Amino acid sequence: VPLAARSGSPAVSAAAEEATRKDLVPKGPIVVLEVKDGVEKQLGEFDQLVDAIAAAADGTIIELRGDGPFEVEPIDVGKKSITLRAANSCRPVISLKDDHGGPLEAPLFHTEGELRLEGIAFRRGAGRRPSPTAGRLPDAILSVRSARCEVINCRFATSGFAVGIMAERVDHFQVRNCEFLCLRGAAVDWFCPDGGRLELANCVQMGHVAVFVHPQRRELRDVSVVIRESTFVAANVVRLMASGRRLRNRDPQGGVSWPITLSMSQSVLDASNAVLQVERPRRSRRAPAVERPSGDFRPHDLVRWSGEGNLFLTGEKMIAVRIQGRQLPVPWAPRGLREWERFWGGHERNALASQPGPEARSLRRQALENVTEIMPESFRLPAESPGRGAGPSGRDLGARIEWVGPGAGYEAWKRSTAARR
């Protein structure tokens, strides 16, 4: 910012003023770029990410031209719309300081503006344990409250109970080519609004829950979750928060509509507990959860599931129901793939099934010992898996590993035709 001439001193020439301004611009591995008519113009360089964000205007790009790690305090972007991306051939790591001065519950990165992330690894430490206190949200690495969020080739890692992405009021939510290593939390926790759409493609996940879907209100409609070509090693692949009343609607002509449609295709579902877990709130504070039967609700009252070409590594258990953390017996729940297909009225097609192998147990054990050692290659199917070569064009089912994550995966994806679509 140009210095103003002091009162009573000679006027500063334009050239001198510009030279002074350039001398004052911080130099560092973080660059702020402005885009006009498709051309990027550099506005400044910074050593600290928080300073770059403070200097960025709405709609600008912040580019990390180094690997870091960038140790940060909790960052709040506010309502700015920004793109935060890795520079070519860089694999930046942004890490939340263990001794940061913010509130314990603060996410590493919070925004209420439209956000696009590309090619960055985020990590945070163990954080807080979950609380039985009603209404307290889990800690998060990324917290988003805006209409639009796109996350491409990023990595979210924590050994604690934090979730990878906590998204509220996000109606256009796209996650592609990402790694999620949230060992005791959810990869994506989405409070879905009316008409919201979550697309998750070509991702790998290890942890407690892959996708947690919270209806943002009881009278929900036109919500869609589309998951394709991804690999999940989880206790539960999808967790659904369901109210106690039936929400499936039937019009006067007899047609049926569902508040939520969930489409899963060409993915590997390695679930140690259940493919779909339904979480129900307790109806009465006076009555213990065990006194409330679980048989008065079915998941297809709330969600329409459709699947195509998935590989199930789940054993017999497919659906679980719990109330406030206590799992309940569900005699109507399907057991095994064939019952699962009948349960959804034939909308799970061309699926394969296999018993869970030792690879997932070994991967979980390795992640608990050192989560930083888990890489996209860790999620490749073993040679004897029925999913090898069973995908489109003879590819393996699940994620296309060479496109996953920051660094080499990000560079490979940018060179692909898929990135230009």
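## Salt bridges along the chain

Arg148 is partly exposed, with a relative accessible area of 32%. In this predicted model, the residue forms a salt bridge with Glu150, and the closest N and O atoms of the two side chains are 3.4 Å apart.

A second example is formed by Glu229 and Arg395, whose side chains meet in a salt bridge with an N to O distance of 3.1 Å. This pair links distant parts of the chain, since Glu229 sits in the loop between β19 (223-228) and β20 while Arg395 sits in the loop between α4 (358-369) and α5 (408-415), 166 residues apart. Glu229 counts as partly exposed, because its relative accessible area is 23%. Glu402 and Arg400 also form a salt bridge, with 3.0 Å between their closest N and O atoms; Glu402 is partly exposed at 38% relative accessibility, and Arg400 is partly exposed at 28%. Elsewhere, salt bridges link Glu40, Glu63, Arg65 and Arg85 into a network.

## The chain as a whole

The chain has 421 residues, of which 51% are buried, and its secondary structure consists of 5 helices and 30 strands.

## A buried arginine without a salt bridge

Arg239 is found in strand β20, which covers residues 231-241. This arginine is buried and yet has no salt bridge, for the nearest side chain of opposite charge, that of Glu279, is 4.3 Å away, whereas a salt bridge requires the nitrogen and the carboxyl oxygen to be within 4 Å.

Which side chains make polar contacts with the side chain of Arg239? One is that of His208, joined to Arg239 by a polar contact of 3.2 Å, and another is that of Gln277, where the polar contact is 2.6 Å. When neighbours within four places in sequence are left aside, the residues in contact with Arg239 include Val209, Val211, Phe212 and Val213, along with Glu279 and Arg322.

## Aromatic pairs and a ring cluster

The count of aromatic pairs comes to 10. In one of them, the rings of Trp305 and Trp340 have their centres 5.0 Å apart and their planes at 85°, so the pair is edge-to-face. Trp305 lies in strand β25 (residues 303-308) and Trp340 in helix α3 (residues 336-343), which means that the pair ties together parts of the chain that are 35 residues apart in sequence.

Both tryptophans are buried, Trp305 with a relative accessible area of 1% and Trp340 with a relative accessible area of 0%. They also belong to a cluster held together by ring pairs, in which Trp305 and Trp340 are joined by Phe312, Trp332, Phe343 and Trp344.

Ala140 is found in strand β11, residues 140-145, and is buried, with a relative accessible area of 5%. Not counting residues up to four places away in sequence, Ala140 touches Pro107, Leu108, Arg124, Ala162, Val163 and Met166. Arg124, one of these, is 16 residues from Ala140 in sequence, and the two C-alpha atoms are 8.8 Å apart in space.

Ala201 is found in strand β17, residues 197-201, and is likewise buried, with a relative accessible area of 5%. With residues up to four places away in sequence set aside, this alanine touches Val175, Arg176, Asn177, Arg228, Glu229 and Ser230; Glu229 among them is the residue that forms a salt bridge with Arg395. The C-alpha atom of Ala201 is 9.7 Å from that of Ile152, a residue 49 positions away along the chain.

## Cysteines

How many disulfides does the structure hold? The number is 0. Cys178, for instance, is in no disulfide, and the nearest cysteine sulfur, belonging to Cys203, is 4.8 Å away, whereas a disulfide needs the two sulfur atoms to be within 2.5 Å. Cys178 is buried, with a relative accessible area of 0%, and Cys192 is buried with a relative accessible area of 0% as well.

Notes. Residues numbered from 1 in each chain as written. Predicted model: local features only at pLDDT ≥ 70, side-chain atom pairs only at ≥ 80, totals over all residues. Heavy atoms only, no water. Buried < 20%, exposed > 50% of the residue type's maximum accessible area, 1.4 Å probe, protein only. Helix = DSSP H or I, 4+ residues; strand = E, 2+ residues; numbered from the N terminus. Lys, Arg positive; Asp, Glu negative; His and termini not counted. Polar contact = N/O pair within 3.5 Å; in protein donor to acceptor, adjacent residues only side chain to side chain. Contact = heavy atoms within 4.5 Å. Phe/Tyr/Trp six-rings, centres within 6.5 Å; stacked < 30°, edge-to-face > 60°.
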